[in-house]
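This briefing sets out the architecture of the protein shown below.

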Amino acid sequence: MRLWVDADACPNVIKTILFRAAERVEIPCILVANQAIAIPPSKWIERKVVSSGFDVADNYIVEQINEDDLVITADIPLASDVIEKGALAINPRGELYTRENIRQRLSMRDFMEQMRSSGIQTQGPDTFNQKDRMAFANTLDKLLAKRRR
């Protein structure tokens, strides 16, 4: 199992949780971004800088993942592609994307994008908070424990 992080928009507090988890369970954690992301020195943590462009980092992740990998992303189309390949995906707020909920998430995303493109002002996501951080840490721990069995 490897942890793949869609790192451009991942909150720093989530990266810190991932770094600690990678060290604790000795699992590779790869941060993919179109710019250099600061990482601590570790044999378990690496970064992959991809070229700039629409979905370049997402496409790289999808090309590289295996079924037993876990991807951390808030990007719903990327999560859908990850699930399609048989891997797991969670967002930085700790929500596990599944075959059962991904279509609904894609539909809502598309609907909100249509509203914004027609000029309707929509509210962005809530501010990332301590509850979100704890939910992410709990979901990650459960998934890592389940995969290590």
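The second largest pocket has a volume of about 300 Å³, in a predicted model where local features need pLDDT of at least 70, side-chain atom pairs count only at pLDDT 80 or more, and totals for chains, interfaces and linings use all residues. Residues are numbered from 1 along each chain as its sequence is written, and side-chain values use heavy atoms, with hydrogens and water left out.

**Pocket**

- A pocket is an open set of points on a 1 Å grid over the protein atoms alone, where a 1.4 Å probe fits, with protein on both sides within 12 Å along at least five of seven lines; lining residues have an atom within 4 Å of a point.
- The volume is the space filled by probe spheres set on the points, which are joined across faces, edges and corners.
- Of the 20 residues that line the second largest pocket, Asp-6, Asp-8, Ala-9, Asp-58 and Asp-75 are the closest to its centre.
- Helix 2 (56-64) and helix 3 (76-84) each supply at least two residues of this lining, and the largest share, three residues, comes from helix 2.

**Overall fold**

- The secondary structure comes to five helices and six strands, where helices (H or I, at least four residues) and strands (E, at least two) are DSSP runs numbered from the N terminus.
- From the N terminus on, the elements follow the order β-α-β-β-α-β-α-β-β-α-α.
- Buried residues make up 38% of the 149 residues in the protein; buried means under 20% relative accessible area with a 1.4 Å probe, protein chains only.

- Six strands form an open, mixed sheet in the order 3-2-1-4-5-6, two strands being paired if DSSP finds at least two bridges between them.
- Strand 3 (45-49) and strand 6 (96-97) stand at the edges with a single partner strand each, so one side of each is left without a neighbour in the sheet.
- Strand 1 (residues 3-6) pairs with strand 2 (residues 29-33) in the parallel sense over four bridges; Val-5 has Leu-31 as its bridge partner in strand 2, and Leu-3 stands opposite Cys-29.
- Leu-3 and Val-5 point one way from strand 1, Trp-4 and Asp-6 point the other way, and all are buried.
- Helix 1 (residues 12-25) lies across strand 1, strand 2, strand 3 and strand 4 (70-72), and runs at about 150° to strand 2; axes are lines fitted to C-alpha atoms, for helices over the stretch in contact, and angles run from 0 to 180 degrees between N-to-C directions.

**Cys-29**

- Cys-29 belongs to strand 2 and is buried, with a relative accessible area of 0%.
- Leaving aside neighbours within four places in sequence, Cys-29 is in contact (heavy atoms within 4.5 Å) with Leu-3, Val-5, Leu-18, Ala-22, Trp-44, Ile-45 and Glu-46.

**Nonpolar cores**

- A nonpolar core is a set of buried Ala, Val, Leu, Ile, Met, Phe, Trp, Tyr and Cys residues joined through side-chain atoms within 4.5 Å.
- In the largest core, of 26 residues, Leu-3, Leu-18, Ile-72 and Leu-140 touch the most other members.
- Strand 1, helix 1, strand 2, strand 4, strand 5 (88-90) and helix 5 (130-148) give two or more residues to this core, and helix 1 gives the most, with seven residues.
- Leu-140 touches Leu-3, Ile-17, Leu-18, Ala-21 and Leu-70, not counting residues up to four places away in sequence.
- A second, separate core of 18 residues includes Trp-4, Leu-78, Ala-79 and Val-82.

How values were computed:
Buried < 20%, exposed > 50% of the residue type's maximum accessible area, 1.4 Å probe, protein only.
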